[in-house]
Amino acid sequence: MRRVLTILSTISAAILLTSSDNAPAGKNHDGGYPITPVQFTSVKVSENGFWGQRLKASREVTIPLAFSKCEETGRYENFVKAAHPSDDYKVGGLAFDDTDVYKTIEGASYVLQTYPDKKLEAYIDSVLTIVAAGQEPDGYLYTSRTMNPKHPHEWSGEHRWEKVEELSHEFYNLGHMVEGAVAHYQATGKRNFLDIAVRYADCVCREVGLGPGQVDRVPGHQIAEMALCRLYLVTGDKKYLDQAKYFLDRRGKTANRDSYNQSHLPVLEQDEAVGHAVRATYMYSGIADVAALTGDQEYIAAIDRIWENIVSKKLYITGGIGATNRGEAFGENYELPNATAYCETCAAIGNVYVNHRMFLLHGDSKYYDVLERTLYNGLLSGVSLQGDGFFYPNPLASSGGYERKPWFGCACCPSNICRFIPSVPGYVYAVKDDNLYVNLYMPNTLTRKVKGKEVVLRQETGYPWNGDVNIIIDKNAAKEFSLKLRIPGWARGEVTPGGLYKYADGKSLSYKVLVNGEEVSSDLDKGYFTITRKWKKGDEVSLHLDMEPRIVTAREEVKADKGRIAVERGPIVYCAERPDNEFVVSGFLLGEKPDMKVVDGDVIGHPVKKITLEGKYFTHGPRKGEMIVRDVTATLIPYYAWCHRGAGYMSVWLAKDFDAVEVAPCEILI
C-alpha cells in the first residue's frame, strides 16, 4: 500500500493559510423539520473565542492525528487486503474499524467546507482510492469479511447479514460511510466517496427487507437510519428513506429482541431509554429524521416519551448519559453513580444529536438547555484541551484511575470527536419563516437569508465565562424579522427540564435585553425572548445574563448524590481535582454558608474561571478513633478540563452532609 502518511505533516500548516471564501456551497435541505438549522458554513466562528480555540485544535491536531492513527493501526491496510482477499489473512481488530476512516474523512470534509485546502483534499482522495478498491462488485463493502471470506471476523457470521443484529456492524459501517460520503460530496462536489456509499446502500436495499429473496434484518448498532435519511435528501431517491423507515418499523419484530440494542419492543411501544446509550441516541435521532420526512406523528410521540424519561430520570448533571459499563448502557431510573459512571463520549455526541432534532421538531429552548449542558461538559470532557488526548468514559468522580489516552483500540470516541467538533457552528442558529433563532452564544459572524434576503449579524461575547452578549446587525436586506434569543434554563432558575436537579442556594438571577442601549421587554415563548422590528445596519442588541456560581442538588431518589452538592456557573459544571487542592476531595465537607469566589486561572495554559469555596477537611488521626479536622479552601475547575495534570482524585459532587464525607486516611493528611 502506498504510504499516505507523508502528506500529514503539511495538513495543519496548509489549512491555516487558506480562506473560507472559496468553499463550494453544499446542498442544504431542512430535512422536513418545521425549523431549519443554519449550516455551519454560514457561521464564521472567531478564533480567539472559546469555541474558536476548540475548532482550531480540531483541525490542526485532532484530525491529522486521527488520520495518522488510521495509518498506524492498519485501518487503511484492511481495505488493501479486501481488494486482494486471501485465506492467509488473520482478521483481527474490531468489525467496525472501517468507520474510523469514514468518520475522520467526515470531520476533515467539514474542515474543507470552511478552510478549503487542495493538499488535504488530495490526501482524502488518496485514501478513497484505497477504500474503493476494497468494495465488492455488487457494492458490498465490509473488510472484516471480504479480506478473508472463508474465515471472516469472528463477529461476522458465515454469510452476509447473518449477525448484523448482533455484532457484525455491517449496517453501522454503512451508516458512517454515508455520513462521511455526504459531507465529502458537499465539501468538494466530487462523487468519488458518494458513489461508494450509494453502491453499498443499494446493495443493502436489494438484499434486506420483506420482499422475495430478501432477509429481514435491522441494525444491531443503529446509525444507518439517520444516515439513509441524509442520503435520501442528497440523492432524492426515496428508497433510502423507505429503507430507514423499514429498519425502524421492523425493530422489535425480528428474531433478535434485546433491550441492549433497543429491540426489546417495537419502537412505537417504547417509553424508556434502555440499553447501550450510543445505539439508543442514534436510533432516537433516526426516529426524529424519519418522522420529520414522513410526518409520522406516532414516531414523534414515541421519542417525546423517551426524552422525558431521560431528562427526568437518567441524565447526569454534566449532560452525560449511560450509567453503567455493563453494556455501556442506561441504568434504572435514578441510577446515576459517579465514580462508575460510564457516560461515553459517543453517547454525549448522540445526546446532542437527539436534542438538536427535538428542538427542530418543537422549537422549545428546553432541548437546547440539555444540548448546551452536554456540549460544554459531558462531551467536551472527552477531548483534551490540546486536541490530542481522549476519554472513552467520562466519570464524575475518580480516585486516580483515569488518564487521557492518545488513541484506543476501540477508537469510536476519538474519531467521533473528529467529525463532531468541526460541525459545532451549525448548532448556533436556526430559522423558521421570518424568525431567526439564536441558540448558542459565541463570537461569530452569520451570513444567512431570512425571508429570501441576506442578513449578516455579528456576535461579540466572552461566553461562557461571562453572560454579556452583543449582537450587531451588519447587513439586513430582509427588513423586518424576529430575532429570538434563547434565555438559558440556568438563567431562568432551572437546572434541567424535568426537575431532576434544582438550585439550592436561594439565589434569583436575572437577565435583560437592550436594543441600541434601551431596555426592551418580551414575554418568553418556549424560553425565547423575541424582538420583532425593522432592523437596520448598525442596530445592536445587548443581552445580559447574570452569571454567578450556583449550588445544585439532585432529587432524593438519586442515591449517589444524597447529602452532596454540585457547583456550576453559567453552562459550566465544576469539579474539585487534586492538583488544585492539597487534600483528598472526598474528605471535604462544604461549609454551611460557603463564600464562593470566581477567580481567573488556567489549566495547562488555557484560561479558565476557577471557583473557590470554604469547608472542612476530615482525616483519621495517628491514634485509633482519632479524627483531625481542618478549615480549608477548595478550588474548583471546569469539569471538561480535568485530568490534564496527571491522574488524581476528582469529584463533581461534594459532601454537604457529614454522612457523605469519606474521611481520608491519616497518611494522606497534608
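This is a predicted model: local features need pLDDT of at least 70, side-chain atom pairs count only at pLDDT 80 or more; totals for chains, interfaces and linings use all residues.
Leaving aside neighbours within four places in sequence, W51 is in contact with V45, L375, Y376, L380, I421, V424 and M442.

Not counting residues up to four places away in sequence, S58 touches I63, P64, C418, I421 and P422.

The model has three cavities of 30 Å³ or more, and the largest cavity holds about 190 Å³ of space. Its lining consists of 15 residues, of which L55, R59, T114, Y115 and P425 lie nearest the centre. The elements that give two or more residues to this lining are β2 (43-45), α2 and α4 (98-114). The most comes from α2, with four residues. By class, the lining of the largest cavity has nine nonpolar, three polar and three charged residues.

The second largest cavity contains about 70 Å³ of space. Its lining is formed by D369, E372, R373, R486, P488, G489, W490, E494, V495, G570 and P571. Helix α14 (residues 365-379) gives the most to this lining, with three residues. By class, the second largest cavity is lined by four nonpolar, two polar and five charged residues.

Attention now turns to a sheet. Five strands form an open sheet in the order β1-β4-β5-β9-β13, with mixed pairing. The edges are β1 (36-37) and β13 (528-534); each has a single partner strand, so one side of each is left without a neighbour in the sheet. Strands of a sheet pair through backbone hydrogen bonds, in either the parallel or the antiparallel sense. For β1 and strand β4 (residues 429-432), the pairing is antiparallel and runs over two bridges. Within it, P37 stands opposite A430 in β4.

With a relative accessible area of 26%, Q39 is partly exposed. The C-alpha atoms of Q39 and V428 are separated by 9.1 Å, although the two residues are 389 residues apart along the chain.

D433 occupies the loop between β4 and β5 (435-438), and its phi is near 55 degrees, a positive value in a residue other than glycine. At 64% relative accessibility, D433 counts as exposed. K451, in the loop between β6 (444-450) and β7, likewise has a positive phi, of about 55 degrees, although it is not a glycine. K451 counts as partly exposed, at 46% relative accessibility. In the loop between β7 (453-461) and β8 (468-476) lies P464. The peptide bond from Y463 to P464 is cis, with omega near 10 degrees.

Technical notes:
Residues are numbered from 1 along each chain as its sequence is written. Side-chain values use heavy atoms; hydrogens and water are left out. Contact means heavy atoms within 4.5 Å. On a 1 Å grid over the protein atoms alone, a cavity is a set of points where a 1.4 Å probe fits but cannot get out, and a pocket is an open set with protein on both sides within 12 Å along at least five of seven lines; lining residues have an atom within 4 Å of a point. Grid points are joined across faces, edges and corners, and a volume is the space filled by probe spheres set on the points. Ala, Val, Leu, Ile, Met, Phe, Trp, Tyr, Cys and Pro count as nonpolar, Asp, Glu, Lys and Arg as charged, and the others, Gly among them, as polar. Two strands pair if DSSP finds at least two bridges between them. Buried means under 20% relative accessible area, exposed over 50%, partly exposed in between (1.4 Å probe, protein chains only).
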